[in-house]
Amino acid sequence: MWNVTDWQKVVFSDEYRFVLGTDDNRVRVWRRPALDNRFTLIVMRGTLMGQRYVDDILRPHVGPFLNGLSGAIFQQDNARPHTARVSQDFLRHFQTLPWPARFPDLSPVEHVWDHLKRQMPSCHSVHDLELAVQDLWAIHLRTT
C-alpha cells in the first residue's frame, strides 16, 4: 500500500481542451510541471497526435523535469497521444505509474481543470484564453 511519501513522488500531468468562440476552433492548454507555484502554460492549436505530444511536450518539458527529480514517477491519463507507441517509447526511460482505463477522475489535475473550466470567461482568441487560464491557475495556487 502506498503512503503519502510515495504519492509525493508522482508528477501528475494533463491538458485540457477549450473551444474558442462559437466555431469549432479547439485549443489545448497543458500545464508544464513545476516544483513550486510558478508554471508555464503550453498552448497548442490543432490535433494532438503521439509524435506531436513527444516533440512538443514530453521531450522539451517532461523529460528534463523528470531527469531533475530523483525517484520521480510520471502519471498521465490514457488519452490516445499518451498511449501511442511513440509516446510509450519515449517514456520507457522514465518510471511511470500505470493508470486504469477510463478513470480520469482519479487524477487530481483533472479536478483542477474541471474547476477552472467552470470559472472561465468566454474567450475568443488564444491570447485571451492564455491570460484567463494563467489568472485562474494563479488564484487556485494561492487558495490551495
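## Close-up views of charged pairs and nonpolar cores

**View 1. At 26% relative accessibility, Arg52 is partly exposed.** That class lies between buried (under 20% relative accessible area) and exposed (over 50%), using a 1.4 Å probe and protein chains only. The model shown is predicted: local features need pLDDT of at least 70 and side-chain atom pairs count only at pLDDT 80 or more, while totals for chains, interfaces and linings use all residues. Residues are numbered from 1 along each chain as its sequence is written, and side-chain values use heavy atoms, leaving out hydrogens and water. Arg52 makes a salt bridge (Lys or Arg side-chain nitrogen within 4 Å of an Asp or Glu carboxyl oxygen) with Asp56, their closest N and O atoms 3.2 Å apart. Both sit in helix 2 (residues 50-67), four residues apart; helices (H or I, at least four residues) and strands (E, at least two) are DSSP runs numbered from the N terminus.

**View 2. Asp55 and Arg59 form a salt bridge, with closest N and O atoms 2.9 Å apart.** Here too both partners belong to helix 2, about one turn apart.

**View 3. Arg28 pairs with Glu15 in a salt bridge at 3.8 Å between the closest N and O atoms.** Arg28 is in strand 3 and Glu15 in strand 2, so the pair ties together parts 13 residues apart in sequence. Glu15 is buried, at 11% relative accessible area.

**View 4. Phe18, Trp113 and Trp137 are among the residues touching the most other members of the largest nonpolar core, which has 18 residues.** Such a core joins buried Ala, Val, Leu, Ile, Met, Phe, Trp, Tyr and Cys residues through side-chain atoms within 4.5 Å. Helix 6 gives the most, six residues.
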